[in-house]
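The following exercises are to be worked with the sequence and the three-dimensional model at hand. Each task is followed by a solution in steps.

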Amino acid sequence: MRAQKPTKGDVGSADPAPDPDAPEVPEGTRAVLDGNELNRALTRIAHEVLERTKGGQHVTLLGIPSRGVPLARRLARRIERVEDLSVPTGSLDITMYRDDLRLAPARALGRTEIPAGGLDDRVVVLVDDVLFSGRTVRAALDALGDLGRPRAVQLAVLVDRGHRELPIRADYVGKNLPTSLRESVTVRLDETDGHDAVLLGPSRPSPANTLKGGLKGGLRSGSPDSSPATTEGDD
């Protein structure tokens, strides 16, 4: 008797072939947010900003390069769809305000773009991808002090992974993600990486710490280029 050919859905049938267009995930890394979940988190943050600022009339969004900038633009588009309100959006480079400049290799300056109306008497919402030690946010606050006097400053982050080294807290969080210092958080965005995802994986050696030959303390954990526990935009 001839064996019947297994049909789709039969127990024991072969797994489907992998999607050749699916984004590659490094070994030992898992996705904690996919594209749909990431976009839902941003939509929720946009609504929370509108609620907390009573309609967003005085809000200015400033993204911290690099991935904070496209996140700020996405938030602005969502606010515009909900309130038919054009939200001034720009970018805030914090390179020269970092506290690890003397320890890290020279890095290229990013772009600071302040909307035409300026920052005075505005509610400035700083936008970043990952909140870690808090040092990037501290540098952003120092940079803001040289550019104007906002009415208030708030912080929106896609992921808060904990391990704060400074008394800084986000006002709006897409996902609270408990992590180990032996883990890295990587945010991928369609604008910069071709797809949306938040990945959690093992930490990688820091080029800066390698350069210093294991200097005790190294760079402050959490800077985008220095911490073994993060890869982008993280403090």
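**Exercise 1: A residue in a strand**

Val127 counts as buried because its relative accessibility is 2%, where buried means under 20% relative accessible area, exposed over 50% and partly exposed in between (1.4 Å probe, protein chains only). The model is a predicted one, in which local features need pLDDT of at least 70 and side-chain atom pairs count only at pLDDT 80 or more, while totals for chains, interfaces and linings use all residues. Residues are numbered from 1 along each chain as its sequence is written, and side-chain values use heavy atoms, with hydrogens and water left out.

Task: Determine in which strand Val127 lies and which residues it contacts.

Solution. 
- Step 1. Val127 belongs to strand E4; helices (H or I, at least four residues) and strands (E, at least two) are DSSP runs, numbered from the N terminus.
- Step 2. With neighbours within four places in sequence set aside, Val127 contacts Leu61, Leu62, Gly63, Ile64, Gly68, Leu71, Ala72, Leu75 and Ala156. Contact means heavy atoms within 4.5 Å.
- Step 3. Val127 and Gln154 are 27 residues apart along the chain, and 8.7 Å separates their C-alpha atoms.

**Exercise 2: The open sheet**

Task: State in which order the five strands of the open sheet stand, and explain why one side of E3 and of E6 is left without a neighbour in the sheet.

Solution. 
- Step 1. The order is E3-E2-E4-E5-E6, with parallel pairing. Two strands pair if DSSP finds at least two bridges between them.
- Step 2. E3 (89-91) and E6 (172-176) are the edge strands and each has a single partner strand, so one side of each lacks a neighbour in the sheet.
- Step 3. On average, neighbouring strands of this sheet are turned by 25° against each other, direction ignored. Axes are lines fitted to C-alpha atoms, for helices over the stretch in contact, and angles run from 0 to 180 degrees between N-to-C directions.
- Step 4. E2 and E3 are joined by three bridges, and Leu61 stands opposite Thr89 in E3.
- Step 5. Helix H1 lies across E2, E5 and E6, at about 150° to E6. Helix H3 lies across E2, E4 and E5, at about 155° to E4.

**Exercise 3: Confidence**

Task: State which mean pLDDT the chain has.

Solution. 
- Step 1. The mean is 82, and 74% of the residues reach 70 or more; pLDDT is the predictor's confidence in each residue, from 0 to 100.
- Step 2. Over residues 1-20, pLDDT stays under 50, and the model has one contact beyond four places in sequence for them.
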